[in-house]
Amino acid sequence: MTRVDRLLTALALPEDEAVIVYKPANLFYLTGFTGEGLALVGLKGRAVITDFRYAEQAEKQSPGFSVLSVEKGQTHEAVAAGLCARWEVQALRYEDDAMTVRTYNGARQTIPGVDWRPLTDDIERLRQIKDESEIVLIERACRITGESLERILPEICEGMTEKELAVRLEFDMLRHGADGLAFATIVAAGANGSLPHAVPGEYRIRRGDLITMDFGAKVGGYCADMTRTVALGQPSDEMIRVYETVRTAQRMAEESVTAGADCRAVDAIARDYIDAQGYAGRFGHGLGHSLGIEIHESPRLNATAVSALQANQLMTVEPGVYLPGIGGVRIENTVLVQNGSCRALTLPTTDLLIL
Ligand SMILES: [Mn+2]
């Protein structure tokens, strides 16, 4: 069963309806196509609509789809309108979270006579459960990410800027099989560590600093996500205590990740522990998120989550403690949810490493 088959089944799509797909991540998931364009799928046909630049690529990447190219001056929606007429489409399901108002208004004019019905998160829900081939790619991305950290750790020295360390991690991942980066690398040293999403800058690492590195490789279109915090020279007793608190919270939460576990309860395990150690309010973000084609996917592990985990979901488990003006610690693994347990795919130790 192809992914499109699974979508059509999940939607119980009638013969006279079709799905129009704009969102790059959904387009890639359903068709394999990585260029610009859109897809139209229904019981009567499957098409990728693109332009001359990507037509040959789409033929290669999207077996089972007819590939249509726009003529000069023609819109993708005009081509879609022709297909809708031929397939006698009465209603189109569309990505109400992704189409801009302008695209939506234009498409309604160009494809007349159809009802527009929001998909909400129907495609994203399918994407939550990874298949074998997706797990292999994420596993590979995580392995490259972890090995890059281990290769670069010995290079970290006093005076190195955050930006230089970030570039070294990125170059190493790309040299060792990553196709790209899953997201913009975070390196935050010393007091900058209190900024969960710090942008690596010109700050020069000093002895006694904790250094938080949050980064990931992308392989075959799939993301890895890992954070480690290490010390250059002996850190303060205060930061060692913060480190051990976060490490214990991370381990406790990760041990609770299993198919059937309540997403909010998993978050609470880490949060309650951190609060009880005297850091209430200093762990100001959710415990984790799913990931795959996109770096942030559903479900989430946080205080408002309502779902339960399922086998073959990928989750991050990433508690942190942030002390403004002093520094911070975050430790993050990407894990594969299984029945009865989970398996960490990011392998470097979470012991405090003092370089
Ligand atoms: Mn993350």
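Tutor: Let's start with the elements: helices (H or I, at least four residues) and strands (E, at least two) are DSSP runs, numbered from the N terminus. Residues are numbered from 1 along each chain as its sequence is written. The model is predicted, so local features need pLDDT of at least 70 and side-chain atom pairs count only at pLDDT 80 or more, while totals for chains, interfaces and linings use all residues.

Student: Where is S62 in those terms?

Tutor: S62 sits in the loop between α3 (52–61) and β4 (66–69).

Student: Why is S62 called buried?

Tutor: Count C-beta atoms, placed from the backbone, within 10 Å of the residue's own: 20 or more others make it buried, 12 or fewer exposed, and anything in between partly exposed. S62 has 24 other C-beta atoms within 10 Å, so it is buried.

Student: Which residues does S62 touch, leaving out those up to four places away in sequence?

Tutor: T31, G32, F33, V48 and V67. A contact here means that the two C-beta atoms, placed from the backbone, lie within 7 Å.

Student: What makes E88 exposed?

Tutor: E88 has 11 C-beta neighbours inside 10 Å, so it falls in the exposed class. Its place is the loop between α4 (76–86) and β5 (91–94), and its phi is positive, about 55 degrees, although E88 is not a glycine.

Student: And how do you know that T120 is exposed?

Tutor: T120 has 12 other C-beta atoms within 10 Å, and therefore it counts as exposed. T120 lies in the loop between β6 (115–118) and α6 (122–128). Its phi is near 50 degrees, a positive value in a residue other than glycine.

Student: Why is V167 called partly exposed?

Tutor: Because V167 has 14 C-beta neighbours inside 10 Å, it goes into the partly exposed class. V167 belongs to helix α8. Its C-alpha atom is 9.5 Å from that of P200, 33 residues away in sequence.

Student: What makes α7 oblique to α8?

Tutor: Axes are lines fitted to C-alpha atoms, for helices over the stretch in contact, and angles run from 0 to 180 degrees between N-to-C directions. Helix α7 (residues 132–152) packs against helix α8 (residues 162–175) at about 125 degrees, with the axes 9 Å apart. That angle makes α7 oblique to α8, given that under 35 degrees is roughly parallel, over 145 roughly antiparallel, 65 to 115 roughly perpendicular and the rest oblique. The residues in contact are I144, T145, S148, R151 and I152 of α7 with R168, L169, D172 and M173 of α8.

Student: Why is α9 called roughly antiparallel to α10?

Tutor: The axes of α9 (residues 237–255) and α10 (residues 263–279) cross at roughly 155 degrees and come within 8 Å. This angle therefore makes α9 roughly antiparallel to α10. From α9, T245, T248, A249, Q250, M252 and A253 meet V266, I269, A270, Y273, I274, Q277 and Y279 of α10.

Student: How many residues of each class are in the contact of α9 with α10?

Tutor: Nine are nonpolar, four polar and none charged. Ala, Val, Leu, Ile, Met, Phe, Trp, Tyr, Cys and Pro count as nonpolar, Asp, Glu, Lys and Arg as charged, and the others, Gly among them, as polar. The contact of α7 with α8 has four nonpolar, two polar and three charged residues.

Student: Into which domains is the protein divided?

Tutor: Domain 1 (3–127) and domain 2 (129–344), with bounds from an automatic or database domain assignment. Their centres, taken over C-alpha atoms, are 35 Å apart. Six residues from domain 1 and six from domain 2 make the contact. On the domain 1 side, α2 (24–31) and α6 each supply at least two residues, and α2 gives the largest share, three.

Student: What joins S298 and P299?

Tutor: A cis peptide bond, with omega about 0 degrees. P299 is part of strand β14 (residues 297–301).

Student: And how many helices and strands are in the protein?

Tutor: Ten helices and 19 strands. Of the protein's 355 residues, 45% count as buried.
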